[in-house]
Amino acid sequence: MEKIDLIIEAEFILPMAAEASVLKNHALAIHQGKIIAIEPYATLQKTYQAKEWVQRPHHILLPGFINAHTHIPMNLFRGLADDYPLMTWLHEHIWPAEKEHLNEDFIRDGSLLAIAEMIRGGTTCFNDHFFFHDTIAETTLSTGLRATVGLCVAEFPTAWAQDATDYLKKAETTLKQGSPSDLITYAMAPHSIYAVSEQTLQKCKSLARTFHTPIHIHVHETKVEVEESLAKTGKRPLRRLHELGLLDSHLIAVHMTQINEEDIALLKETQAHVVHSPQCNMKLASGICPVERLHRESINIAIGTDGVASNNDLNMIEEMRTAAFLAKVVSENAAAIPAHTVLRMGSYQGAKALGLEKKIGTLEIGKEADLISIDCDQIELLPLYHPHAQLIYAANRENVNDVWVQGKMLLKNRELTSLDEEKIKHIGRSWGEKIKK
Ligand SMILES: [Zn+2]
């Protein structure tokens, strides 16, 4: 018998490969953080002797969710400014609040609050976009979660950097040092084409090319953004990014609520990725990304919650459900974006946007063991006919029972293993008191 680290058996396993398969009464064998076998558990029992055997008899096992767009330290601004349109929200509320409170403690504490929320909701990897990337990377690493940490670039001064040159210098220093762990990767993260000059965008591109990172940027979030760009340059932001040489399979375009035929052709031709954040787009009345149409054109779509100051949570199950419902009503087609399709957007397609699809995003032999279990032995989840649909249309994040990253358990029967829940709640409360003043 071969000795291995872990076997997890479950009633249903959803590998989340291209076809919507469901494995019944199977188990996963995991060794040194990787999936080494997926077989009926009677078979695995004969082959392997595992140090740990986890039985989940009424559970669905599937890849962890990949939240493809976050600003995690902003968890401390949850509910600070609601019911405003994007530009008012940014200029009159969020940017002034950031100016007042941003420092290393804020970043670390906000990140911890967000990471605890994400683990409890079944997210195993997130793609962040915020200042103080070194603190975000270090904090994430201390919790065992996986992330692509954005190296933020803007023109305006913050507590993190003085100007574009300073942001770029900090990004370059980090890229030269390299990642402290294979759980952390980096992306260049210029804010947007309206907050970053074309010259700075080109410098971001050159750093991204040199160090082989994606570029993570807000694009076509609102009608105003597109109109201002047209008035200033005669061109739409996506076209300008293309002319600057940024549009290719390493570009992660977040939002894309304003899309015409030219944009679709550009996205298709360049294989750029789109991150869909339906709840944030709906809450800020920014618009609707035509996901059903983009999906038909084979454009890669990932799902992101955005920061909680505009959502107001990091709930991937809810975000996927909203994406599916919105796609159906917009396309007047109940068959648009079925459960398996939207779950792929929240897992494999998120990994693809981050360039991590060979490592994570599906449950396959050789991939890293980033996975979650959903407890279906609940009144709200019975009876259970179709696991994919049950997850998207009936389950909630509270049904996430366990979370593993690289085979290491971060949530066990809903208990956080790498974080102290009481300490995290205290952080949330005490910052709330401070910011209210
Ligand atoms: Zn954002």
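## Basis of the description

Two strands are taken as paired if DSSP finds at least two bridges between them. An example of such a bridge is the one between Glu9 and Gln55, the latter in S4. The model is predicted.

## Overall build

The protein contains 16 helices and 16 strands. Its radius of gyration is 21 Å, close to the 22 Å that the globule rule gives for 437 residues, so the protein is as compact as a globular protein of that length. The C-alpha trace spans about 65 × 45 × 40 Å along the principal axes.

Of the 437 residues, 54% are buried. Among contacts with a separation of 6 or more, 72% are between residues 24 or more positions apart.

## The eight-stranded sheet

An open sheet is formed by eight strands, ordered S3-S2-S1-S4-S13-S14-S15-S16, with mixed pairing. The edges are strand S3 (34–40) and strand S16 (415–416); each has a single partner strand, so one side of each is left without a neighbour in the sheet. Strands of a sheet pair through backbone hydrogen bonds, either parallel or antiparallel.

Helix H3 packs on this sheet, where it touches S14, strand S15 (408–412) and S16. The direction of H3 makes about 85 degrees with that of S15.

## Strand S1 and its neighbours

Strand S1 (residues 2–13) runs parallel to S4, and ten bridges join the two. Within this pairing, Leu6 stands opposite Glu52 in S4, and Glu9 has Gln55 as its bridge partner.

S1 also pairs with strand S2 (residues 23–31), here in the antiparallel sense and over seven bridges. Phe12 has Lys24 of S2 as its bridge partner. S1 is mostly covered, with nine of its twelve residues buried.

## Strand S13 and its neighbours

Strand S13 (residues 371–375) lies between S4 and S14 in the sheet order. The pairing of S13 with strand S4 (residues 48–63) is antiparallel and extends over five bridges. His59 stands opposite Asp375 of S13.

On the S14 side, four bridges join S13 to strand S14 (residues 400–405), again with the strands running antiparallel. Ile374 has Val400 in S14 as its bridge partner. S13 is mostly covered: four of its five residues are buried.

## Helix packing

Helix H3 (residues 104–120) and helix H4 (residues 133–143) have axes that come within 9 Å and cross at roughly 40 degrees. This angle makes H3 oblique to H4. The crossing of H3 and H4 is right-handed. H3 contributes Glu104, Ile107, Arg108, Ser111, Leu112 and Ile115 to the contact, while H4 contributes Thr135, Ile136, Thr139, Thr140 and Thr143.

Ala164, Leu168, Ala171, Glu172 and Leu175 of H5 meet Thr200, Lys203, Leu207 and Phe211 of H6.

## Two positions in helices

Ser142 is located in helix H4. Ser142 has 14 C-beta neighbours inside 10 Å and therefore counts as partly exposed. Between the C-alpha atoms of Ser142 and Glu380 the distance is 35 Å, and these residues are 238 apart in sequence.

Ala265 belongs to helix H9 (residues 261–270). Ala265 is exposed, because 11 other C-beta atoms lie within 10 Å and the cut-off for an exposed residue is 12 or fewer. Ala265 and Leu354 are separated by 89 residues in sequence and by 22 Å in space, C-alpha to C-alpha.

Key:
Residues are numbered from 1 along each chain as its sequence is written. This is a predicted model: local features need pLDDT of at least 70, side-chain atom pairs count only at pLDDT 80 or more; totals for chains, interfaces and linings use all residues. A residue is buried if 20 or more other C-beta atoms lie within 10 Å of its own, exposed if 12 or fewer, and partly exposed in between; C-beta atoms are placed from the backbone. The radius of gyration is taken over C-alpha atoms; the globule rule is 2.2 Å times the number of residues to the power 0.38. Two residues are in contact if their C-beta atoms, placed from the backbone, lie within 7 Å. Axes are lines fitted to C-alpha atoms, for helices over the stretch in contact, and angles run from 0 to 180 degrees between N-to-C directions. Angles under 35 degrees count as roughly parallel, over 145 as roughly antiparallel, 65 to 115 as roughly perpendicular and the rest as oblique. A crossing is left-handed if the near helix is turned anticlockwise from the far one by less than a right angle, and right-handed if clockwise.
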